Amino acid sequence: MPGLRLLLPYLKTVALIALATTVAGVVVWFAPLDSVSAIYMLPILLSAIRWGTGPAIAAALLGAFMTSLFYPPLFSPLVFEPAQMIDLATSLVVALTVGTLAGRMRTEMLRAKQNERAIRHVYELSSAILATSDVEAVYDAVADHVSEALGQPVALFVPQDRGDLRATRTSLSEEETAALALAVPAFLTTSGGPDTLAMTILGDRWLLCRIASGQERPAALALRLDTTDQQGHDGAVAQIPALLAESARSLERLGLSQALADRKLRRQADELRDILVESVSHELRTPLTGIMGAASVLAAVPDLAARPALRSLADGIEQEARRLDRLIQDVLDLGRIRAGALQPRLDTVDPADIVNDALDSAADRLRGRLVSRRFREPLPLIRVDPVLLAQALVNVIENAAKYTQDGASIGITVERNVDGCVITVSDDGLGLNAREAEEIFERFHRGERHADIAGGSGLGLTIARIFVEANGGRIVASSEGPNRGTAMRIHLPIAKAAAGGDDHDR
Amino acid sequence: MTVEAPAGPLVLVVDDELAIRRFLRTGLEMHGFRVIEAETARQATELAVMRQPDLVVLDLGLPDADGAVVLEALRSWSQVPVIVLSVRKLEPEKVRLLESGADDYIVKPFGMAELLARARVVLRRTVRQETAEPIVRVGALQIDIARRLVSRDGNAVILSPKQFALLRTLAVHHGHVLTHRQLMRELWPQEPVEDVQYLRILMKKLRNRIEPDPAQPIYIVTELAVGYRLRTQEQLDAAGYAEAMR
């Protein structure tokens with residue numbers, strides 16, 4: 001009942017005046033005074049301080065009236081003498097002044113109290129968040145805290161990996177939650193950038209706020225407002241920004257420490273992978289070296305020269321060991337790629353050197369093929385990692401060898417085009433259909449039409465593409481159609497020409 | 001002291017793997033080398049001091065220390081040729097080893113023929129240093145280092161001073177890989193050696209003058225990401241150009 005609440009200070013004031021009158025009566029009875037107005041100052045001051053200007057003026061008026069009763073002739077009211085008038089005026093001035101002062105003080109006090117409460121809430125929230133270790137826990141803490149601090153039910157909508165929202169921590173009915181869930185996505189998309197705090201009031205009853213940090217997708221908190229209590233409502237709305245700011249800060253901090261932890265983890269993983277690659281490489285290649293070396297010694301034994309069958313067995317061991325070594329290399333390369341450890345060491349190189357090196361490495365698999373190389377001079381120097389690019393080229397050349405018959409021709413052309421250097425490996429072999437031209441770079445792809453062609457890890461072209469791309473280049477496969485040959489074009493960036501490059505040749 | 005003199009060159013094989021030492025011993029002995037073996041870096045250093053081998057075949061992954069440590073110790077007092085065995089396919093490491101005194105390297109796994117070819121080249125170097133041969137011949141190419149004359153098929157080849165300097169540097173280390181840095185220090189001692197572009201351009205011009213087919217060089221070969229090598233006749237034959245050139 002707001003009426004009673006308003007009236008109460010006045011009733012209390014009347015009671016105070018009555019009390020003062022009693023005191024005044026007793027005093028006057030025993031020791032006649034000229035003026036009892038001082039006694040009435042007390043209730044005026046009290047009312048002013050406790051209840052403000054209104055009750056204080058009431059006290060002043062009542063007091064002045066009662067004082068007049070004590071003027072001679074005693075208990076004859078409504079005698080307006082100058083002294084009484086002065087009493088009345090003084091009382092009113094005191095009531096007004098003290099009432100205003102006290103009112104201001106009371107407002108200050110109230111604000112201070114509110115501030116203190118808000119700070120306490122933020123503090124409690126931040127210590128609650130400090131205990132958390134992931135983003136969802138922060139969201140939960142914020143929801144619990146807002147609900148508790150404002151004494152209102154809330155629902156929290158947390159973003160999921162798939163981009164949808166999940167309602168948690170809801171103390172609302174299912175229908176309310178479902179209705180809010182419909183409104184939240186639109187709110188989140190319209191409520192500004194990722195770092196802003198945003199609130200909106202929905203249908204006078206709901207406060208929606210966004211909880212966000214730099215990296216994370218934002219969550220939304222819905223809070224039911226107390227519509228019966230305007231003051232409480234305003235207070236609640238006023239507190240929320242501070243809470244949201246705190247949670248945003250915490251999320252950012254968390255994101256930062258998470259990033260730091262991630263980086264540390266990644267570095268450890270890098271070191272571990274290096275050790276692993278090193279040791280796998282060592283463990284697998286050491287026995288392979290023994291096998292290959294022993295086979296090569298056997299193949300060279302003079303006694304064996306007269307026995308071709310045995311000799312070819314020894315040669316076979318050596319060749320198979322070499323093949324195994326290449327497969328190991330493929331797997332290690334792929335491991336390096338998957339771990340994201342591919343760091344090209346860029347160098348300025350002559351593309352012809354790369355092509356010659358690759359053809360050398362692939363020589364034993366090119367047996368029976370007619371290989372031609374054509375360098376369309378003048379060729380630019382290219383800026384690439386020579387080892388990675390040569391490996392990519394070996395893989396492409398081997399692939400060409402694999403899908404061509406004996407006696408087929410494989411041509412390698414290097415030429416300059418408008419924006420770089422292009423190495424083309426073309427063959428007159430089995431060719432590709434349109435779908436295959438896309439798919440051949442995929443891992444373990446092996447032409448369905450040529451399922452009978454065995455050998456290799458099925459990783460060669462995948463690795464080739466990744467190595468070429470790591471060098472800032474790209475690789476494109478094209479074919480006139482099945483059985484009409486294939487062309488693999490590797491586009492590469494050229495090196496910036498050094499100033500006065502020719503002057504050094506003196 | 002010199003009791004074993006008439007026998008073949010003494011090779012110190014340093015590897016902790018029995019299977020590898022075994023085939024190296026058999027293969028080397030089959031081709032007239034004498035072999036001593038070490039399993040650890042310490043053993044290797046001791047044996048090198050005591051037996052004074054003519055050639056060291058050094059594995060990098062030793063149980064007690066990196067092979068590079070052995071190389072460093074060896075180079076502090078000896079010029080014995082060293083061929084490094086490495087499973088690591090890391091070019092920067094090869095460069096580092098060559099620059100700290102290794103004569104050549106082989107990546108595991110490898111065949112006996114590869115090792116023998118390299119062994120012969122590095123052994124010849126020590127012999128040549130004693131005889132100080134001023135004329136280097138490979139295929140149809142002839143380089144008279146002292147008189148600064150280059151000819152191919154008997155016809156004089158005109159080179160610019162820088163081109164000749166590059167060829168001479170390679171010829172002095174005939175058969176050996178010289179790293180980009182080593183070549184650039186020699187050719188442009190005043191300049192920083194970060195960018196190999198000048199070297200590439202110079203090499204291209206040199207090849208245009210001396211190679212039968214500059215697009216497919218046979219005399220000066222590129223060791224990708226490491227350096228260049230002027231082939232010896234034996235290396236040229238091994239590469240399968242024997243008939244083409246004779």
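Residues are numbered from 1 along each chain as its sequence is written, and chains are lettered from A, with ligands numbered from 1, in the order in which they are written. As the model is predicted, local features need pLDDT of at least 70 and side-chain atom pairs count only at pLDDT 80 or more, whereas totals for chains, interfaces and linings use all residues.

The model scores ipTM 0.82 and pTM 0.61. Where pLDDT is low, the predicted coordinates should not be read in detail.

Helices (H or I, at least four residues) and strands (E, at least two) were taken as DSSP runs, numbered from the N terminus. Chain A comprises 13 helices and 12 strands, and chain B comprises 10 helices and 12 strands. A residue is buried if 20 or more other C-beta atoms lie within 10 Å of its own, exposed if 12 or fewer, and partly exposed in between, with C-beta atoms placed from the backbone. By this criterion, 33% of the 506 residues of chain A are buried, as are 39% of the 246 residues of chain B. Among contacts with a separation of 6 or more, residues 24 or more positions apart account for 64% in chain A and for 58% in chain B.

Helix H13 of chain A (residues 460–470) is largely enclosed by the rest of the structure, because nine of its 11 residues are buried. These buried residues are A:Gly460, A:Leu461, A:Thr462, A:Ile463, A:Ala464, A:Arg465, A:Ile466, A:Phe467 and A:Val468. Just after H13(A), A:Gly472 adopts a positive phi of about 80°.

The contact between the chains involves 37 residues from chain A and 36 residues from chain B. On the side of chain B that touches chain A, the elements giving two or more residues are helices H1 (18–30), H5 (112–131), H6 (161–172) and H8 (197–210) of chain B. By class, this side of chain B has 19 nonpolar, nine polar and eight charged residues; Ala, Val, Leu, Ile, Met, Phe, Trp, Tyr, Cys and Pro count as nonpolar, Asp, Glu, Lys and Arg as charged, and the others, Gly among them, as polar.

Conventions. Two residues are in contact if their C-beta atoms, placed from the backbone, lie within 7 Å.
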